[in-house]
Structures are given as C-alpha cells and as structure tokens.
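Hi,

Here is the structure I promised to send over.

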Amino acid sequence: MYHVEGLRQPDIATRLHVTQSKVSRLLKEAVSLGVVRTVVVTPPGVFAELEYALRERYGLRDVVIAGTQSDDEASVLGAVGAAGAAYVESTLLPGDRIGISSRSLSLLAVVEAMAPVPARSAEVVVQILGAIGNPAVQVQATRLTDRLAELTGAEPVYLVAPGVVASLEVRDGLLADPHIARAVAAWESLTTVLLGIGSMSTSPLRRPSGPAFPAQDLEALSAGGAVGDVCLNFFDADGAPVHSGLHDRVLGISADALRQVPRRIGVGGGPLKVDAIRGAIRGGWIDVLVTDQHTARRLLA
C-alpha cells in the first residue's frame, strides 16, 4: 500500500484498523527483513560512485566530477568549468575570504560559467599570485579577481605585480609596497582558495602567452623531479616541494600559507595533468578536486 499504491501512513492505518505507529513499525520491519529494498539509479552525467572512490582513495574533503564526451582540452575545460562554477556557487558562505590564482584556463572557465549570486556570498576575493606571461595576458589576472568579486559581492584585493621577478632583492622590494603588502597580509586569513593545477608538460614556458621565466629554471625543476605546481609552488610525484633558483623570485602565496587555508579547491583535468593532480593531492596542496570522469578514472587506475 505504501510503496506500490502510494498511500499515506494514516490512510493505511484507517484501512487496516491499526494505529499509525504500528504501520510505521511494520514498514521499518519490512526494510530490515529485506521485503523492501531501496535502489538508487544514478542519472546520466552523475558520477557519485567515482566521486566516493576518489574521496576514499586519497582522503579528499570533496570531489566533483564532470561528464565529458572526450578528454580533449576544450571538452575538459568546458565541463570542469561548469562543474566548478556550480560547486563554488552552492558552497560559498557570506564570511568567506577567497583567494584565487592569477592565471589558469580552468579557473577562467569556472568564473566565466558562474552566475551572479543573489546575495553577498563572500567578504573578499584576493589575488594570490602575481601576473604571469606577456602584458596582454597579465590583464587576465586582474579580470579574474575582479569578475569573481563582482559575482560574489565581495571586495577585490589585487596583487599588482609580476608573478616572477629577476631576483630575491627585487621581490623583497616589491613586498614593501603598501598595495602589495595589503594583498600579502590578506593571505593569512583566507578561508577558501581556487587553484589551477599546472603540469610541467603545460608549463607557462610552453604556452603562447610567452615565457614566464628562463628555460634553465624549468630544466632545474624537471631535473629535481617536479611534475606540477600550484601558484608556482612546484612539487614532485609524491607532492613534496621541489626547490630551485625560481623559488625566491616568485611573488605569490607560500607553501606554508597555502596549506593553512581551510578549503583548497583544485580545478583541472585532461591526460597531461594526471601526474600533477595526483601530486597536488598527495602533497596536501588541494583537498577538494573538480575534474572530469576520464581523469578521475586515471587517478584511480
């Protein structure tokens, strides 16, 4: 009567001349005896089992998997962008202080896919890495911070500086600037960061936006076993930091400050990024992953 005919418990009690509490007890007993079984049919495009498996395997806080027809870059970017946008929109809290990396095609796809949040859903949006690449591309860093702040009703805090400078002395000099110091100070109180996951095979040196640093830096990192980076914090396959001469010339959030952020959302996918994503997870650089189903299966293989 309840499960097939759709009758309510009070109606069943009236028909059978028993109390409603007895109806409730019998329904529970039917479940415990296996007379009634619950079957959840996962709809197309939802990967609940895969998300659960990744969470359990790597100890992640959360996993969001987007469905794609193929694992080419355009398909993956569109899918993870939409999935990341939905996740961010639904999980931000009014007091959140968001950090966002300055250059990532995945993060750009997330922000472009987001809809304006009706009420103020964040306090500030802070740029956590200086701009990388040629001047035309550096504008993207400001646009990314500005657009996310606009969508969430937050105050934008920009890091108006290059991501990589010529020397430690230049970096320290820039850190003394009041506007830059304000952004750096804001890193200590972030509650959420949105991170692109860089792969050595998709390094800024190999993109049309121009070289971010000399080739010898990339060679030194590769020789040290680096597989990827988060905000130019490079790491090996196990997630351990890989240092080089570049380390002291980066103007961006440090490894220690990044790992102190309570929620670290990594967005990315595709076959070229599997090793980098795995390293980012193993090293604790991220604790939430937004990716596609092909990358997820490779991470579990």
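Contact here means heavy atoms within 4.5 Å. Helices (H or I, at least four residues) and strands (E, at least two) are DSSP runs, numbered from the N terminus. Do keep in mind that this is a predicted model, where local features need pLDDT of at least 70, side-chain atom pairs count only at pLDDT 80 or more, and totals for chains, interfaces and linings use all residues. Residues are numbered from 1 along each chain as its sequence is written, and side-chain values use heavy atoms, with hydrogens and water left out.

First, the helix pair. On the H1 side, Gln9, Pro10, Ile12 and Ala13 touch Gln20, Val23, Ser24 and Leu27 of H2. By class, that contact has five nonpolar, three polar and no charged residues (Ala, Val, Leu, Ile, Met, Phe, Trp, Tyr, Cys and Pro count as nonpolar, Asp, Glu, Lys and Arg as charged, and the others, Gly among them, as polar).

Next, the aromatics. Searching the whole structure turns up one aromatic pair. The ring centres of phenylalanine 235 and tryptophan 285 are 5.8 Å apart with planes at 25°, so the pair counts as stacked. (Rings of Phe, Tyr and Trp, using its six-membered ring, pair if their centres lie within 6.5 Å; planes under 30 degrees apart are stacked, over 60 edge-to-face and the rest tilted.) Phenylalanine 235 is in strand E8 (residues 233–235), while tryptophan 285 is 50 residues away, in the loop between helix H11 (274–282) and strand E10 (288–292). Both phenylalanine 235 and tryptophan 285 are buried, where buried means under 20% relative accessible area, exposed over 50% and partly exposed in between (1.4 Å probe, protein chains only).

H11 itself is mostly covered, with seven of its nine residues buried. Among the elements covering those buried residues are helix H3 (48–58), E8, E10 and helix H12 (293–300). After H11 comes glycine 284, with a positive phi near 75°.

Is threonine 145 buried or exposed? Threonine 145 is buried, at a relative accessible area of 0%, and sits in helix H6 (residues 135–152). Leaving out residues up to four places away in sequence, threonine 145 touches Ile100, Val125, Gln127, Pro156, Val157 and Tyr158. Threonine 142 also lies in H6, but is partly exposed, with a relative accessible area of 39%.

Cheers
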